[in-house]
Amino acid sequence: MQKLSPYELPLNAFQAIGKQWAMITTQRGDMINTMTASWGGVGILWNKPVTYVFLRPQRFTRELLDGSELFSVCFLPEDYRKQLSYCGAHSGRDGDKLAACGFSALHLDGAPVLAQSQTALTCRKLFCQQLDPAGFIDTSLDAANYPQKDYHFLYVSEILGAYLF
């Protein structure tokens, strides 16, 4: 494993998040949970390298993330596509997703990280706010993405470390 500055990371965020998918991994107490995400981004905000992740209010990972300062955004090889699909379709409330998928976790910068990752970003939460439907300039986005009105929570987090496995 190699630790890099987030500024040196060879990551195409459009490909990694939108196509390869990210795994948001968090921990509360002894419980580690991960979920698949295909919405998010990386960038600079408040003079810091940051991640942007979006979690729906009903997601168990959101409950855990709200109780923790640190988490990780992990990218796994394509060989794990079946497990990523499983983690996107099942809740950690109903069982141990890491065990079901054969994943193991380690801790880097104090954050839980999937050991099967190709790339991992350790993150510290800086900001959280639920999306407000009044903010949609293009109102078709609301209708197309929120028929249940379960607006995502946006988390902006500082990238503490970037790792290549």
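Predicted model: local features only at pLDDT ≥ 70, side-chain atom pairs only at ≥ 80, totals over all residues.
Two residues are in contact when heavy atoms of theirs lie within 4.5 Å.

**Entry 1: helix α3**

I looked up which residues of α3 are buried. They include Q83, L84 and C87. Down the axis of α3, its buried residues fall within an arc of 100°, so they line one face of the helix. I then checked what this face packs against, and found α1, β2, β3 and α4. On the other side of α3, I found K82 and A89 exposed.

I wrote down the general rule beside this. An α-helix has 3.6 residues a turn, so residues three or four places apart point the same way.

**Entry 2: helix α1**

Next I took helix α1, which spans residues 13–20. Its buried residues include A13, A16, I17 and Q20. They cover an arc of only 120° around the axis, which puts them on the same side of α1. F14 and K19 are exposed on the other side of α1.

What covers the buried residues of α1? I listed β2 (22–28), β3 (31–37), β4 (40–45), β6 (70–75) and α3 (81–89) among the covering elements.

I also looked at both ends of α1. At its start, a side-chain oxygen of N12 comes to within 3.0 Å of the backbone nitrogen of F14. After α1 comes W21, and its phi is positive, near 80°.

**Entry 3: S72 in strand β6**

β6 is among the elements covering α1, and I picked S72 from this strand. Is S72 buried or exposed? Its relative accessible area is 0%, so S72 is buried. I set aside neighbours within four places in sequence and read off the contacts of S72: M23, I24, T25, P112, V113, L121 and T122. With P112 I found a polar approach as well: a polar atom of the S72 side chain lies 2.6 Å from the backbone oxygen of P112. I also checked S72 against A162. The two are 90 residues apart in sequence, and their C-alpha atoms are 9.8 Å apart in space.

**Entry 4: R62 and D66 in helix α2**

I moved to helix α2, residues 60–66, where R62 sits. R62 has a relative accessible area of 14%, and the cut-off for buried is under 20%, so R62 counts as buried. Leaving out residues up to four places away in sequence, R62 touches L55, R56, P57, F153 and Y155.

R62 also forms a salt bridge with D66, with the closest N and O atoms 2.6 Å apart. The two residues are four apart in helix α2, which means they are separated by about one helical turn.

**Entry 5: other salt bridges**

How many salt bridges are there? The count comes to eight. I looked at some of the others.

R93 forms one with E63, and the closest N and O atoms are 2.3 Å apart. This pair links distant parts of the chain, with R93 in the loop between α3 and α4 (97–101) and E63 in helix α2, 30 residues apart. R93 is partly exposed at 43% relative accessibility, and E63 is partly exposed at 30%.

D109 forms a salt bridge with K3, where the closest N and O atoms are 3.3 Å apart. D109 lies in the loop between β7 (105–108) and β8 (111–114) and K3 in strand β1 (residues 2–4), so the pair ties together parts that are 106 residues apart in sequence. D109 is partly exposed at 31% relative accessibility, and K3 is partly exposed at 48%.

I also found K48, R124 and E158 linked in a network of salt bridges.

**Entry 6: a nonpolar patch**

Last, I looked at the surface. W46, L126 and F127 form a nonpolar patch there, and together they have about 270 Å² of accessible area. F127 belongs to strand β9, residues 119–130.

Note on methods. Residues numbered from 1 in each chain as written. Heavy atoms only, no water. Patch = residues over 30% accessible without salt bridge, like charges linked within 9 Å, V, L, I, M, F, W, Y side chains within 5 Å. Areas by Shrake-Rupley, 256 points an atom, 1.4 Å probe, with all protein chains shown as cover. Salt bridge = Lys/Arg side-chain N within 4 Å of Asp/Glu carboxyl O. Buried < 20%, exposed > 50% of the residue type's maximum accessible area, 1.4 Å probe, protein only. Arc of directions from axis to C-beta. Polar contact = N/O pair within 3.5 Å; in protein donor to acceptor, adjacent residues only side chain to side chain.
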